[in-house]
Amino acid sequence: MSWTPFLPDPRYAARGREGGGGVAVRESVALAFVCAAYVATTVGFGDPARAVAWVGLGIVMFAGAAGRGGWQGWAVVAAGLALGIAGRPLAVANHHYVLTWASLALALALSAPVDERRTLVRHNARWLLVAIMGFATVHKLISGPFMDGSFLGFGIATGAFAEPLLQFCSSCVEAIGRNVAAVGEFRTTVPEAGAAVTLIDPVPNLPAVARAFGLATLLVEAVLFVLFLFVPRARVTHLLLLAFAAGLGVIRQELTFISVVAVLGYMCCPAEHARLRWAYLAAAVAFSGLAIY
Amino acid sequence: MPFARRWAVLIAVCLVALLQLAQVLARRQSSWKGGGFGMYAGFHPNLAEIWAWPPDGSEPVRFTRSAQGPENTSAGLRLCTVRTTAACLEERVPRDGDVPRYERLELWERSFDLDSRRLSRRLIAAFPGGARP
């Protein structure tokens, strides 16, 4: 095992397929697209000054990408996103943080000599994915509501999870609707210790379904952590990440986060898996587009 | 290849995420926020509720995420659904000058018992402490 498996591989370099070279333009353009989609969907354009600032930032971003390796554009993007975090660190979403780190990684990679850039992009994307999956797993392991299934059970009962799947079952939709109405009414009452409302099961045996769903989520994230830590170049690693992204799409439509994960996978995926790279790119573009739509 | 280009991002990510994890463990901060990748590990802070008791004895009001809620000043207090402490409520209670506009603020989080399917609420912070007016 190597901690830097993306250092130039003489086998691929000899065939002209890989090596550490390249200017990472495609990675820049892919990340620029996802960043622009995030800005378009998240930042309110009601305030003209803010809109002008963000559109200006977008222009610099794309100019940096189109400039074939100018690191300054990405440094400005990373600084802009970091300013957003500094202003409201507990309000911005996790994918805002991830985009900041990915932009910083690209800026650092593009400031390196040309023959090291693509290697650095893959190296940093790989470690970002290791960190994301590792910390996500730890948070779930220490969370009581996640481990006992109550968080996911409540989500399924109120349509926050698996709704894209359950919408094809009319009795499930009806049960979710009744639960949502009950929760809405409950929220309007002054809270008292012991006061409760009982929800109904939209699916048979809700506790078992919720616990199995939670266990599967935990396992997939832990396995992705291990795979990206030890075998980041392997086909199975990238197939599982793509399956994870697709699964998120039907379980919980966090479209921007999925597109961010896909673009990190694209940045990390070695050239020998050309089809997987195209799949990542398609997922990043499709989910960003859906988020805007 | 300089060290910083290879490891600066990972070190920064881990520092932020470890700091956030420490806040979650030590101060009951929501795992969803703060850049620690703890999303979907527990109830979203938007589901927490802040209730306020006016000093004139009228009915308590619920601060909502929406600006159309009973209080339009909820944006500042919303942070307390992430930083779930009485100190946050004290710091961010709406004031007229130095005088708090409410006699009491309470922060409640959701609790769902999966086996009985009972949804209830649990008081996690109040300002000031003690009993309701």
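Leaving aside neighbours within four places in sequence, which residues is Ala105(A) in contact with?

Modeller: First, some ground rules. This is a predicted model, where local features need pLDDT of at least 70 and side-chain atom pairs count only at pLDDT 80 or more, while totals for chains, interfaces and linings use all residues. Residues are numbered from 1 along each chain as its sequence is written, and chains are lettered from A and ligands numbered from 1 in the order in which they are written.

Now Ala105(A). With those neighbours set aside, its contacts are Val121(A), Asn124(A), Ala125(A), Leu128(A) and Val9(B). Contact means C-beta atoms, placed from the backbone, within 7 Å.

Ala105(A) also belongs to the largest nonpolar core, which has 91 residues. It is listed there among those with the most contacts inside the core, as are Leu128(A), Val34(A) and Ala284(A). Such a core is a set of buried Ala, Val, Leu, Ile, Met, Phe, Trp, Tyr and Cys residues joined through C-beta atoms within 7 Å. Buried means 20 or more other C-beta atoms within 10 Å of the residue's own; exposed means 12 or fewer, and partly exposed lies in between. Helix α6 (residues 117-141) of chain A gives this core its largest share, 13 residues. Helices (H or I, at least four residues) and strands (E, at least two) are DSSP runs, numbered from the N terminus. Another core lies apart, with 16 residues, including Ile50(B) and Tyr102(B).

Chain B has three helices and six strands. Buried residues make up 41% of its 133 residues.

Where the chains meet, chain B supplies 39 residues and chain A 46. On the chain B side, α1 (3-27), β1 (49-53), β5 (104-113) and β6 each give two or more residues. α1(B) gives the most, with ten. That side divides into 22 nonpolar, seven polar and ten charged residues. Here Ala, Val, Leu, Ile, Met, Phe, Trp, Tyr, Cys and Pro count as nonpolar, Asp, Glu, Lys and Arg as charged, and the others, Gly among them, as polar.

Strands cross over too. Strand β1 (residues 196-198) of chain A runs antiparallel to β6(B), joined by three bridges. Pairing needs at least two DSSP bridges. Ala196(A) stands opposite Ser120(B).

Gly129(B) counts as exposed because it has 8 C-beta neighbours inside 10 Å.

Definitions and conventions
Contact = placed C-beta atoms within 7 Å.
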